[in-house]
Structures are given as C-alpha cells and as structure tokens.
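Have the model open while you read.

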Amino acid sequence: MTSTTTRLLRLLSLLQERALTGRELAERLSVTDRTLRQDIARLRELGYPVHAARGPVGGYRLGQGATMPPLLLDDDEAVAVAVAMNVAADGSTGIADIHANLERAQAKMDRILPKRLQRKVTALRSVTDIGPAVTGSREPDTPVPAETLATLATAIRAATTLCADATELEPYRLISWQRRWYLVAYSLESHSWQALPVASITEITPGTRHFAPRPLPDSDLVAFVLREIATTGWQVHARVTVLAPAETVIARINPTVGVVEPLDDTSCLLLTGADRLETIAIYLSMLMMDFRVTDPPELVTHIRTLAHRYAAATYP
C-alpha cells in the first residue's frame with residue numbers, strides 16, 4: 001500500500017498533465033472510486049483548485065487558484081527549467097526587473113534537484129558562456145536536444161575527446177547566443193579552432209581519451225565565436241570599406257555585426273554577414289557613415305536598386 005502522501009503527490013502530478021476521468025485516475029493510482037474522491041477532497045483542502053465536470057467528456061482537472069501551489073516536474077522538465085533559468089539569468093530576457101526573481105527561483109531549484117539531475121545542470125552551467133543580447137534576435141536553426149548539450153558538457157568537464165560527424169574534437173566551451181548554441185572545439189583533423197553550431201551536428205559520440213588543454217584562441221571565447229559567425233557563420237557575407245576610422249566604426253556597431261580591420265587613419269574594412277542581403281543593406285544604412293561595397297556583387301546590385309528607389313521617393 002502506498003502512503004496517502006505519496007498517492008496525493010502522484011494524483012497531483014497526473015492532474016497537472018491534463019484532464020482525466022475518475023475511472024482513469026482510479027486505475028492509474030490503483031485505488032477505489034471512494035478513495036479517489038477522498039484524495040480529491042484532501043487536495044482541495046490543501047488549496048489546489050481541482051475542478052470536476054460531469055458527462056461523457058467530463059472528468060477532473062487542475063484549475064487556477066488564488067495562490068501558486070507547488071509544481072511537480074518530471075526529471076526532463078526539471079532539467080529543462082533549470083537550464084532555461086540559467087540562460088535567462090545572464091540577461092538574455094531583456095527584462096530589467098526579472099534578475100532577482102530568477103536568482104531566487106534558481107536557488108530553490110538547486111536545493112531540491114536530486115544529485116543525478118544536479119550533476120547534469122551543474123555540468124552544463126559550468127561550461128556555458130552567454131553571448132550579448134541583440135535587438136531582432138534570430139530564430140534558432142533547429143532546437144538542440146538537451147541530451148546533446150549534456151553530452152557535450154560532460155566531455156568538456158572531463159577534458160575527453162568526442163567525435164562529431166566523424167570528426168574528432170577536443171571540446172572546450174559551449175556558447176549560447178541568440179537562442180543558438182555553439183561549441184568551441186579544436187579539430188584534430190584540420191588542426192584548427194572552430195566554433196561549431198551545435199544544431200548542425202547530426203551525430204555525437206563521446207570519447208574516452210583525455211587531452212591536455214591547449215592555449216585558447218582568445219581569452220574571450222564569446223568574442224571568438226562572434227568573430228567566427230561574422231566571417232563564416234552566415235548565409236551571406238560582405239566586404240565593405242567604411243570611410244571612417246576603425247575606432248569610430250567599432251564604437252558604433254555591435255560586435256556580433258562584424259569584424260573591423262583598419263586600412264588607414266580615415267577608413268577601415270568591415271567584414272560582416274547576415275542570412276539575407278536585405279539585412280546587410282539595413283545594417284549599412286544604420287551606420288550613418290559613407291561606405292563602399294566591394295563584395296558580393298549581388299549586394300552591390302541590391303543597394304543600387306535601393307538607391308534608385310529612395311531617390312525616386314524624394315522627387316516632388
């Protein structure tokens with residue numbers, strides 16, 4: 001016989017999933033209809049708004065009450081909430097007054113998570129950096145499975161190699177930026193540092209060989225990933241000469257927009273990218289500086305079309 005407390009918790013968990021008939025609940029709890037009605041009454045006495053509806057489509061469901069009752073989560077749900085709170089706590093929500101509330105909620109989750117789940121959350125938290133928030137964030141390419149992130153985090157913490165799509169890697173850090181995940185890793189095949197979109201990896205096989213950490217490509221791995229995205233991580237890339245000192249342009253743009261290289265005291269080269277030509281044209285117009293586009297030719301054609309259109313719009 002299960003204890004009344006254990007049974008009530010199980011009943012509450014079932015009611016949080018969806019509406020269920022009395023017969024369904026009694027069968028899943030292995031109790032009589034009378035015991036079920038008593039348990040429903042106990043939940044109501046504890047403040048849980050359990051609603052009942054009669055008829056062939058009727059049943060019991062958990063409604064909204066005046067206070068926030070305890071919330072029961074399964075293992076996967078608990079890990080997902082804890083990871084999401086960790087990412088949001090770094091400012092990615094854009095909500096000014098939510099940080100303190102997130103910290104309190106995060107502390108509560110940390111206290112009650114079982115050790116087996118806490119290890120997963122702690123591993124992912126300890127090896128993840130959060131990129132800067134940017135207005136007009138991009139949609140994620142493909143949702144990344146939590147198990148994939150957990151596998152990568154475990155390999156990073158243990159300093160063990162892994163195989164990603166048949167390429168052996170030394171994993172070093174996970175970067176979360178604009179709802180996309182990137183793995184900073186050293187490729188043992190190309191002997192180069194890479195910022196790999198985790199969503200693009202189709203198969204990950206954990207390795208067993210430990211490796212000694214190499215000197216990192218940058219003391220700021222977030223900056224390294226953003227540079228890689230600016231030069232290789234977009235659908236469309238552009239080379240633009242900006243007629244302004246490099247320092248002026250760097251102060252003007254977000255680091256995620258592109259890489260700035262000085263040419264002389266009055267001009268610089270901007271290496272930038274986006275998923276569409278139209279987006280790059282908008283970025284360049286927002287610079288409020290004179291510029292010359294050299295590549296790609298399609299962007300030159302698009303900006304010329306825009307120039308004619310804007311010119312025609314200004315005629316009396």
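1. Which order do the strands of the open four-stranded sheet follow, and is the pairing parallel or antiparallel? The order is 10-11-9-12, and the pairing is antiparallel. Strand 10 (258-264) and strand 12 (291-295) are the edge strands, each pairing on one side only. From one strand to the next, the twist averages 25 degrees. For the terms: helices (H or I, at least four residues) and strands (E, at least two) are DSSP runs, numbered from the N terminus, and two strands pair if DSSP finds at least two bridges between them.

2. Before going on, a word on what we're looking at. This is a predicted model, with local features needing pLDDT of at least 70 and side-chain atom pairs counting only at pLDDT 80 or more, while totals for chains, interfaces and linings use all residues. Residues are numbered from 1 along each chain as its sequence is written, and side-chain values use heavy atoms, with hydrogens and water left out.

3. Back to the sheet. Strand 9 and strand 11 are antiparallel partners over seven bridges, and H237 sits opposite G273 in strand 11. Helix 10 packs on the sheet, touching strand 9, strand 11 and strand 12, and its direction makes about 145 degrees with that of strand 11. Helix 11 lies across strand 9 and strand 12, at about 140 degrees to strand 12. (Axes are lines fitted to C-alpha atoms, for helices over the stretch in contact, and angles run from 0 to 180 degrees between N-to-C directions.)

4. The largest nonpolar core has 20 residues, and V242, V249, L270 and L284 have the most contacts inside it. Strand 9 (236-242), helix 9 (246-252), strand 11 (267-274), helix 10 (277-286) and helix 11 (297-313) each give two or more residues to this core; strand 9 gives the most, with four. Such a core is a set of buried Ala, Val, Leu, Ile, Met, Phe, Trp, Tyr and Cys residues joined through side-chain atoms within 4.5 Å. Buried means under 20% relative accessible area and exposed over 50%, with partly exposed in between (1.4 Å probe, protein chains only). Leaving aside residues up to four places away in sequence, L284 touches V240, L270, F291, V293, L299 and I303; contact means heavy atoms within 4.5 Å.

5. Now to helix 1, where R7, L8, L11, L12, L14 and L15 are buried. They cover an arc of only 160 degrees around the axis, so they are on the same side of helix 1; the arc is that of the directions from the helix axis to the C-beta atoms. Exposed T5 and E17 are on the face turned away from the buried side. The cover over the buried residues includes helix 2 (22-29), helix 3 (33-45), strand 1 (50-53) and strand 2 (59-62).

6. Helix 2 buries L25, A26 and L29. Their arc is only 95 degrees around the axis, which puts them on the same side of helix 2. R23 and E27 are exposed on the face turned away from that buried side. S30, with a positive phi near 60 degrees, follows helix 2.

7. Finally, take a look at strand 6 (residues 180-187): eight of its eight residues are buried. R180, Y182, V184 and Y186 are on one side, with W181, L183, A185 and S187 on the other. In general, side chains in a regular strand alternate between the two faces of the sheet. Strand 5 (residues 167-177) pairs antiparallel with strand 6 over eight bridges, and six bridges join strand 6 to antiparallel strand 7 (residues 192-197).
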